[in-house]
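Hello,

Here is the structure I promised to pass on to you.

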Amino acid sequence: MRSTRTALLGALAALPLLLSGCDTSMITGKDGAADTVVAEGSASPEDSWILFEKGRAAATPKPSATAKPSPTPTPSFSPLPEDTVCAFDWLAGQVLLPVNTEVGAGSIRASWPRVGEPPPDSFRITAVPQDNVSGVQPELEWQTVTVTSGCSASGTITGLRPGRPYIVWVDAPESGYQLDGTPRPRSGRSGVVYPE
């Protein structure tokens, strides 16, 4: 009875392995008793649990495209009307007014756009020396420029040292405020310029 029960339990334990197609020769011997497990690396290729199908590797086909992609469209911008920006590189919302300069003998002529509705008609300009000065810095000499029409303003600063570096500052103290309450752009500056 005990041997029949043992044989029945052994058969039930091996049933899943038999149904899955696994080799049970390593688990049970010919007489149903458990055999010793074969040491790793000493099993024959037939005892492998890895199933594979022999064959040749095929190259993955490369996709072929006959249609060429359409070029990315170039964005186009419409310039503002000539009477509001003149010839200045100006974008609405810029904080600083762009300042163009022309050098002369000991002088710099500066020009900038008048921005606002209505645009300001009073500006101040000065040339700020870029030389290093130790101690107290010299006071800036501001020059008033009044313009009552047109879309730009200009002024000439004289009495400058030839060949020395300067930056022109522009200020419009009476520029007013925009509809949302923020001040209109009122200041601008040039790059470094050298009078002749």
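**Salt bridges, sheet and core**

Arg-124 is partly exposed, with a relative accessible area of 30%. Please keep in mind that this is a predicted model.

The side chain of Arg-124 forms a salt bridge with that of Asp-171, at 3.1 Å from N to O. Asp-171 belongs to strand S7 and Arg-124 to strand S4, so this contact ties together parts that are 47 residues apart in sequence. Asp-171 itself counts as buried, because its relative accessibility is 7% and the cut-off for buried is under 20%.

Asp-171 has a salt bridge with Arg-186 too, where the closest N and O atoms are 2.9 Å apart. Arg-186 sits in the loop between S7 and strand S8 (187–193), 15 residues from Asp-171. Through shared partners, Arg-124, Asp-171 and Arg-186 are joined into one network.

The count of salt bridges comes to four. Another one of them pairs Asp-131 with Arg-161, with 3.9 Å between the closest N and O atoms. Asp-131 is in the loop between S4 and strand S5 (143–146) and Arg-161 in the loop between S6 and S7, so parts 30 residues apart in sequence are tied together.

Now to the sheet. Three strands form an open sheet in the order S2-S3-S6, paired antiparallel, with S2 (100–104) and S6 at the edges. S3 and S6 share six bridges, and Ile-108 has Ile-157 in S6 as its bridge partner.

Finally, the largest nonpolar core has 19 residues, among which Trp-112 and Phe-123 touch the most other members. Strands S3, S4, S6 and S7 each supply at least two residues of this core.

Best wishes

Terms used
Residues are numbered from 1 along each chain as its sequence is written. This is a predicted model: local features need pLDDT of at least 70, side-chain atom pairs count only at pLDDT 80 or more; totals for chains, interfaces and linings use all residues. Side-chain values use heavy atoms; hydrogens and water are left out. A nonpolar core is a set of buried Ala, Val, Leu, Ile, Met, Phe, Trp, Tyr and Cys residues joined through side-chain atoms within 4.5 Å. Buried means under 20% relative accessible area, exposed over 50%, partly exposed in between (1.4 Å probe, protein chains only). Helices (H or I, at least four residues) and strands (E, at least two) are DSSP runs, numbered from the N terminus. Two strands pair if DSSP finds at least two bridges between them.
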